[in-house]
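Keep the viewer open and follow along as we go.

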Amino acid sequence: MRQLEEHIEQGEGKRSTQPKQNPIRAVIIGAGHRSMLYASYSVSHADELEIVGVVEPDDVRRKMAMDAYRLPPERCYTSIEQMTAGPLIADVAFNGTMDYLHVATTLPLLEAGYDVLLEKPIGVSEEEVRELQAAANRLGRTVMICHELRFAPFYAEIRKRILEGAIGEIINMQFAENVSYHHIASAYVRGKWNSQKSGGSSMLMAKCCHDLDLMVWMKAGIRPKHVSSMGGRMFFREEQKPAGAGTRCLVDCPLVDSCEYSAKKMYLELNLWGAYVWHGIEHLGERPTEEQKRESLCTDNPFGRCVWASDNDVVDHQAVVVEFADGGTGTFSLNGNTAKPCRRLHLVGTRGEIEGVLEDGFFTLRYPDLSATHGYREEQVNVDVTDNMHGGGDMRLVTDFLRVVRGEEPSLSTTTLDDSVYGHFVGFAADRSRVGGQQVQL
């Protein structure tokens, strides 16, 4: 929440030097962290974007959006149906609802005449994704998926080098996302994505459809053909619970001051993941007191539960193998519960290779060279990595979306809905393969 407040107060993103016409008018759909973050672009780019309305069933969140953007009460709606029953009030919608609501809320927006910036994943099943794709194409509407990593300078520069032929044809790709222990505990063990039944998406799709999209993007134009996957929930389960541990950290656990997963340490002392943890008690005000937070963690707040005594059922690790139509292969490894969070890649081509870690702010080009000491030569490429999330891609995504809506030339990173679906199809196939224990053909 603190980061979101900073975005709203200061704004982010690089201002285009091209003169603009009237600002694009946008309505917020679901006033949660992601859509409010995208909307904050309007603070420092008022000539490009104007927030004119909000759809949010929660009274507190709706009031927060209303106050942040000085919206009139008649432009603050409790449902999509309420808004679309009237005339068009904006050019675009920023849809940041929960995964299982993405398609159900986007379809009426498209029918009403809105272009949509839609938070990932597109939908919770292949059937949903195809339904939305068909509707967008039929209506001629723009739906851009929030694959922010495409816009991170790290990945954008790598894609540029690939298009220039820097490493030749890609033979193999290795991607990995290492999710920190406090992130997986907060979002996928205690939080609202801890069960596919309630959140709608598997952990692979909720967390890593970014990475699967990147894999397919690097091989753009060559479709994935076969998918295999393995993984499961190995660590965050009752059998791994330390001896003597309780069920709620601040109620009955003698390890509350020593456990790395302690709700007291994570959420009270370090104030980690506040946008997730305190959503359920926002009825107490925008900034609950320490006493209110503690009482919440001691009673009904799911974030107060022991990580080994929660109702989570999603994987904490998963491996995915993809074969492409040209014979090239890609692997992706989801590693939950790591000490250091980071995203890694290693691309091997017919002429050379690219290797790097997003958070390091550089990647390495490497080429065979018998005249070199080690039999190869290297070139380090530094990129501009900012402090905002997704390697600096968040606000660049908004800039690109507005550019596309205005009819201007899209960037290298632009993703159309017809392009975005393939990474999702790989993810859905991977989950089928993991559960069924067999290779899936696309």
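In which hand of crossing does H11 pass H18? The crossing is right-handed. Bear in mind throughout that this is a predicted model.

**The H11 and H18 pair**

Helix H11 covers residues 203-218, and its axis runs 8 Å from that of H18, at a packing angle of about 125°. Angles of 65 to 115 degrees would count as roughly perpendicular and those over 145 as roughly antiparallel, so the two helices are oblique to each other. On the H11 side, the contact is made by Leu204, Met205, Cys209, Leu212, Asp213 and Val216. Their partners in H18 include Ser420, Tyr422, His424, Phe428 and Asp431. Sorted by class, this contact has nine nonpolar, four polar and two charged residues.

|---|---|---|

Where does His147 lie? You will find His147 in the loop between strand E6 (143-145) and helix H8 (153-163). Its relative accessible area is 1%, and since buried means under 20%, His147 counts as buried. Leaving aside residues up to four places away in sequence, His147 touches Lys120, Cys209, His210, Asp213, Ser420 and His424. Among these, Cys209 and Asp213 of H11 and Ser420 and His424 of H18 also take part in the contact between the two helices.

**The buried side of H6**

Which residues of helix H6 (residues 102-112) are buried? They are His102, Val103, Thr105, Thr106, Leu107, Leu109 and Leu110. These buried residues pack against several elements: strands E1 (24-29), E4 (92-95), E5 (115-118) and E6, together with helices H5 (80-84) and H7 (126-139).

**One more buried residue**

Asp394 belongs to helix H17 (residues 394-405). Like His147, Asp394 is buried, with a relative accessible area of 1%. Between Asp394 and Ser125 there are 25 Å in space, C-alpha to C-alpha, and the two are 269 residues apart in sequence.

Notes. Residues numbered from 1 in each chain as written. Predicted model: local features only at pLDDT ≥ 70, side-chain atom pairs only at ≥ 80, totals over all residues. Heavy atoms only, no water. Axes fitted to C-alpha atoms, helices over the stretch in contact; angles between N-to-C directions. Helix = DSSP H or I, 4+ residues; strand = E, 2+ residues; numbered from the N terminus. Parallel < 35°, antiparallel > 145°, perpendicular 65-115°, else oblique. Left-handed = near helix turned anticlockwise from the far one by under 90°. Contact = heavy atoms within 4.5 Å. Nonpolar A, V, L, I, M, F, W, Y, C, P; charged D, E, K, R; others polar. Buried < 20%, exposed > 50% of the residue type's maximum accessible area, 1.4 Å probe, protein only.
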